[in-house]
Amino acid sequence: GSGWLVEGNEIHLNHGLGLRIGTRMVVRSNFVHSNGELGIGGVGDDVLVEHNVIARNNRLGFSGAWEAGATKFVKTRNLIVRHNCVHHNIGPGLWLDIDNVDALIEHNVVFENDRAGIVNEISGRAEIRDNVVARNGYRKDNWLWNAQILVANSRETTVERNIVVVAR
């Protein structure tokens with residue numbers, strides 16, 4: 001829904017997506033965990049996702065290369081994702097895929113997701129700053145999809161002041 005505030009909830013055990021965003025939505029201080037495919041995802045303008053714990057999603061084993069894991073945002077404008085703790089998801093952590101414009105990803109802690117920690121894919125004008133990304137991408141992959149921070153086919157992306165820890 002447009003303009004919704006989703007705050008202070010435990011969102012878990014949904015078969016597919018735990019929470020779908022919409023335009024002018026605020027998603028704050030939720031525990032989003034153990035959903036079948038994806039924790040948070042969707043489409044919308046002027047969306048704020050902050051102070052959430054997003055953990056252990058994709059318990060049903062959907063393809064993390066297609067759409068599964070912690071989050072997947074598509075066709076957003078002015079998306080802000082900040083101060084979230086994203087961990088132990090089967091798939092990517094914070095994933096912007098397809099025509100996200102003017103996104104800000106900041107002050108998140110993203111660790112031990114089995115694919116990339118933060119991904120900006122086929123999008124533009126993003127700032128990825130002041131995050132801690134650690135030990136993501138431990139699933140074997142023959143290319144770069146398991147990076148801590150991955151910018152793929154995206155324009156005007158700034159990546160700065162992040163702390164990156166790579167597993168041995």
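Arg161 counts as exposed because its relative accessibility is 53% (exposed means over 50% relative accessible area, buried under 20%, partly exposed in between, with a 1.4 Å probe and protein chains only). The model is predicted: local features need pLDDT of at least 70, side-chain atom pairs count only at pLDDT 80 or more, and totals for chains, interfaces and linings use all residues. Residues are numbered from 1 along each chain as its sequence is written, and side-chain values use heavy atoms, with hydrogens and water left out.

**Loop residues with positive phi**
- Most residues other than glycine have a negative phi.
- Arg161, in the loop between β19 (155-160) and β20 (163-165), has a positive phi of about 55°.
- Asp46 also has a positive phi, near 55°, and sits in the loop between β6 (38-45) and β7 (48-50).
- Asp46 counts as partly exposed because its relative accessibility is 42%.

**Fold and dimensions**
- The protein chain has zero helices and 20 strands (DSSP runs numbered from the N terminus: H or I of at least four residues for helices, E of at least two for strands).
- Along the principal axes, the C-alpha atoms fill a box of roughly 40 × 35 × 25 Å.
- Of the contacts (heavy atoms within 4.5 Å) between residues at least 6 apart in sequence, 51% join residues at least 24 apart.

**Burial and charge**
- Buried residues account for 52% of the 168 residues.
- The chain carries 18 positive and 19 negative side chains (Lys and Arg against Asp and Glu, with His and the chain ends not counted).

Definitions and conventions: Charge placed at Lys NZ, Arg CZ, Asp CG, Glu CD.
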